[in-house]
Amino acid sequence: SFVIWFTGLSGSGKSTIANQLEKALFRNGIRTYSLDGDNVRSGLNKSLTFSLEDRKENNRRIAEVAKLFMDAGMVTITAFISPLREDREEAKKIIGRDNFV
């Protein structure tokens, strides 16, 4: 198991690509779970705004949840706006560099 972290601007197609990848993996018998703005911001992170500080916290929480799914043996696919290298580096630390794509 590992985490695939898609990033890009709003409307760039990251969720579309993530969804297609998830379908292909599922067809091949690979257990997956996708995390994106729709399913994370509607619950776990609904109290967060789009300020720089809250975006950092949003990405940190996503990395922690992705790690839990990965630890459960799932290929976890994320699709989020995460333009800051330092945020992606923090996610790599949480998830583990060898498990972060």
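These are my notebook entries on a predicted model of one chain.

I number residues from 1 along each chain as its sequence is written.

**Entry 1: the whole chain**

I looked up the secondary structure and found four helices and three strands. I take both as DSSP runs numbered from the N terminus: helices are H or I with at least four residues, strands are E with at least two. Read from the N terminus, the order is β-α-β-α-α-β-α. The radius of gyration is 13 Å, close to the 13 Å of the globule rule for 101 residues, so the chain is as compact as a globular protein of that length. I took this radius over C-alpha atoms, and the rule is 2.2 Å times the number of residues to the power 0.38. Along the principal axes, the C-alpha atoms fill a box of roughly 40 × 25 × 25 Å.

I then looked at burial: 34% of the 101 residues count as buried. Here buried means under 20% relative accessible area, exposed means over 50%, and partly exposed lies in between (1.4 Å probe, protein chains only). The accessible surface is about 6000 Å², and carbon and sulfur atoms hold 55% of that. The areas come from the Shrake-Rupley method with a 1.4 Å probe; for residues, only the protein chains shown count as cover.

For contacts (heavy atoms within 4.5 Å), I noted that 68% of those with a separation of 6 or more join residues 24 or more positions apart.

**Entry 2: the record**

I checked UniProt, where an unreviewed entry lists residues 1-100 as "domain: APS kinase". Its positions are given in the numbering used here, feature names are shortened, and annotations may be inferred rather than shown by experiment. In the model, the end C-alpha atoms of residues 1-100 lie 10 Å apart, and the span is 50% helix and 16% strand.

**Entry 3: aromatic pairs**

I counted three aromatic pairs. Rings of Phe, Tyr and Trp (its six-membered ring) pair if their centres lie within 6.5 Å; planes under 30 degrees apart are stacked, over 60 edge-to-face, and the rest tilted. Trp 5 and Phe 80 form a tilted pair, with 6.5 Å between centres and 40° between planes. Trp 5 is in strand β1 (residues 3-7) and Phe 80 in strand β3 (residues 75-80), so this pair ties together parts 75 residues apart in sequence. I found both Trp 5 and Phe 80 buried. Ring pairs also link Trp 5, Phe 80 and Phe 100 into a cluster.

**Entry 4: helix residues beside the rings**

I looked up Asn 59 in helix α3. Asn 59 is buried, at 3% relative accessible area. Beyond four places in sequence, Asn 59 touches Trp 5, Phe 80, Ile 81, Ser 82 and Asp 87.

Ala 91 belongs to helix α4 (residues 85-95) and is buried at 1%. With residues up to four places away left out, Ala 91 touches Trp 5, Ala 63, Gly 96 and Phe 100.

I found Thr 76 in strand β3, buried at 0% relative accessibility. Its contacts beyond four places in sequence include Val 3, Ile 4, Tyr 33, Leu 35 and Phe 69.

Thr 32 is in strand β2 (residues 32-36) and counts as buried at 12%. Its side chain makes a polar contact of 3.2 Å with the side chain of Glu 22. I count a pair of N or O atoms within 3.5 Å; within protein, one must be able to donate a hydrogen and the other to accept it, and residues adjacent in sequence count only if both atoms are side-chain atoms.

**Entry 5: two loop positions**

I looked up Gly 13 in the loop between β1 and α1 (14-27); Gly 13 is partly exposed at 22%. Ser 51 sits in the loop between α2 (37-41) and α3 (52-71) and is partly exposed at 32%. Ser 51 and Ala 72 are 21 residues apart in sequence and 32 Å apart, C-alpha to C-alpha.

Methods. Predicted model: local features only at pLDDT ≥ 70, side-chain atom pairs only at ≥ 80, totals over all residues. Heavy atoms only, no water.
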